[in-house]
Amino acid sequence: MAEISHSSADDEALVREAQQGGLDAFEELVSRHRDRIYGRAYSMVRNEEEAMDLSQEAWVKGWQRLAQFQRESSFATWMTRIVINLCLDHLRKQKRQRSESLDALNEESGGVERLMPVLTVNPTERLERGELRQRIDSALNQLSHEHRTALVLHEFEEMEYKEIARVMGCSIGTVMSRLFYARRKLAVILADLKKSEAT
Amino acid sequence: MENDAHLKLQAFVDGELPEAEARVVASQLARDADAAALIAEMKFTRHALAGHEKAVRVPESRDFYWSKIRRQIEASEVERPAPVAIPWHAKLRRFLAPATAVAVVAIAGLLATQPVGVVGGTETSLSDSGAFTYRDFSSGTTLVWLSYPAEETLDDED
């Protein structure tokens with residue numbers, strides 16, 4: 001009976017119940033939004049197992065911080081912010097373990113993307129939706145995590161520069177730079193994918 | 001084009017430029033083919049991404065995915081330190097200490113209102129409470145000493 005009422009309740013009611021300790025209501029929220037939370041983790045870390053762990057950790061944190069949820073955004077957006085922060089922490093830890101001085105230099109100065117000619121033909125023209133999604137996914141896979149994160153937050157989460165800067169812990173100038181070179185690189189990768197398919 | 005100019009063009013595409021600057025950039029595009037080409041490239045990248053994020057699904061069943069979350073939630077709640085239980089006699093002593101102090105002060109007040117006429121003074125010890133009073137009849141003053149067992153001492157005794 002309780003299960004029926006949970007499945008028909010809206011997020012707002014489920015959050016209220018969960019805030020009073022209702023774990024079953026929270027389970028329903030997890031069930032509704034798990035793909036979105038896992039998907040965001042996956043888009044950032046590009047690894048199934050890590051995305052799984054990070055998304056589950058985000059839900060645990062969500063439960064622990066539920067009292068702090070002030071309804072300034074939807075519950076799903078609030079949870080998405082939690083998983084984004086966890087992924088960024090995870091990526092920073094990973095980065096510390098690698099020597100990325102060259103990557104950091106390229107990230108700020110543009111590296112090879114700086115020298116790439118501007119594309120005059122849209123490489124995604126006349127592609128079917130599914131094909132385009134597949135192509136974009138494999139292009140995103142080839143970006144550095146800083147470039148990919150900037151793009152994901154801007155294009156998919158629709159965050160403004162200043163919000164991305166706050167989340168990523170960098171200046172607005174760095175966000176603009178990362179976004180710019182991420183787009184340039186993405187354009188070239190998409191063009192290369194088109195060329196390699198044509199040959 | 002310089003890097004700053006590129007970033008300004010991007011801010012124009014993203015709608016992040018103040019209105020006055022956006023108007024300047026828009027007029028520049030008409031006479032700068034490179035800038036216009038770069039803007040076009042950024043726009044098709046934006047359009048390609050918009051609404052084309054690959055949909056991914058949790059590669060586990062609902063129950064399996066939830067069971068791990070539930071275990072972690074339950075484990076974190078067990079790990080939370082339980083409030084320290086205070087024994088009844090310690091609670092009683094904590095109540096009695098200030099109550100005794102109030103009583104002592106009241107007694108001292110009563111003594112102070114007694115008529116003065118006797119030379120010298122008397123010392124009254126309230127040994128149970130750890131407090132004693134001294135009344136100097138000649139000057140009509142009363143001193144009260146209060147001593148409490150320290151909190152640590154109470155805990156040690158528990």
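Guide: In this predicted model, 23 residue pairs are in polar contact across the interface of chain A and chain B, with both residues of each pair at pLDDT 80 or more. On the side of chain A that touches chain B, at least two residues each are supplied by helix H3 (23–45), H4, helix H7 (129–141), helix H8 (145–156) and helix H10 (172–198) of chain A. Of these, H3(A) provides the largest share of that side, namely 14 residues.

Charged pairs also link the two partners: the count between chain A and chain B is 9 salt bridges. One of the salt bridges joins the side chains of Arg184(A) and Glu41(B), with an N to O distance of 3.0 Å.

In terms of extent, the contact draws 53 residues from chain A and 36 residues from chain B. Together the two chains bury about 4,500 Å² between them, and carbon and sulfur atoms account for 60% of that area.

Of the 199 residues in chain A, 51% are buried. Among contacts in chain A between residues at least 6 apart in sequence, 67% connect residues at least 24 apart. The accessible surface of chain A amounts to about 9,900 Å², with 47% belonging to carbon and sulfur atoms.

The mean pLDDT of the chain is 87, and 83% of its residues reach 70 or more. Helix H4 (residues 48–64) of chain A has the highest mean pLDDT among its elements, at 98, whereas helix H6 (residues 101–109) of chain A has the lowest, at 54.

Chain B comprises 6 helices and 3 strands, arranged along the sequence as α-α-α-α-α-β-β-β-α. Buried residues form 24% of the 158 residues in chain B. For contacts in chain B with a separation of 6 or more, residues 24 or more positions apart account for 38%. Chain B exposes about 10,400 Å², and carbon and sulfur atoms supply 60% of that surface.

Note on methods:
Residues numbered from 1 in each chain as written. Chains lettered and ligands numbered in written order. Heavy atoms only, no water. pLDDT = per-residue confidence, 0-100. Helix = DSSP H or I, 4+ residues; strand = E, 2+ residues; numbered from the N terminus. Buried < 20%, exposed > 50% of the residue type's maximum accessible area, 1.4 Å probe, protein only. Contact = heavy atoms within 4.5 Å. Areas by Shrake-Rupley, 256 points an atom, 1.4 Å probe, with all protein chains shown as cover. Buried area = accessible area lost by both parts, 1.4 Å probe. Salt bridge = Lys/Arg side-chain N within 4 Å of Asp/Glu carboxyl O. Polar contact = N/O pair within 3.5 Å; in protein donor to acceptor, adjacent residues only side chain to side chain.
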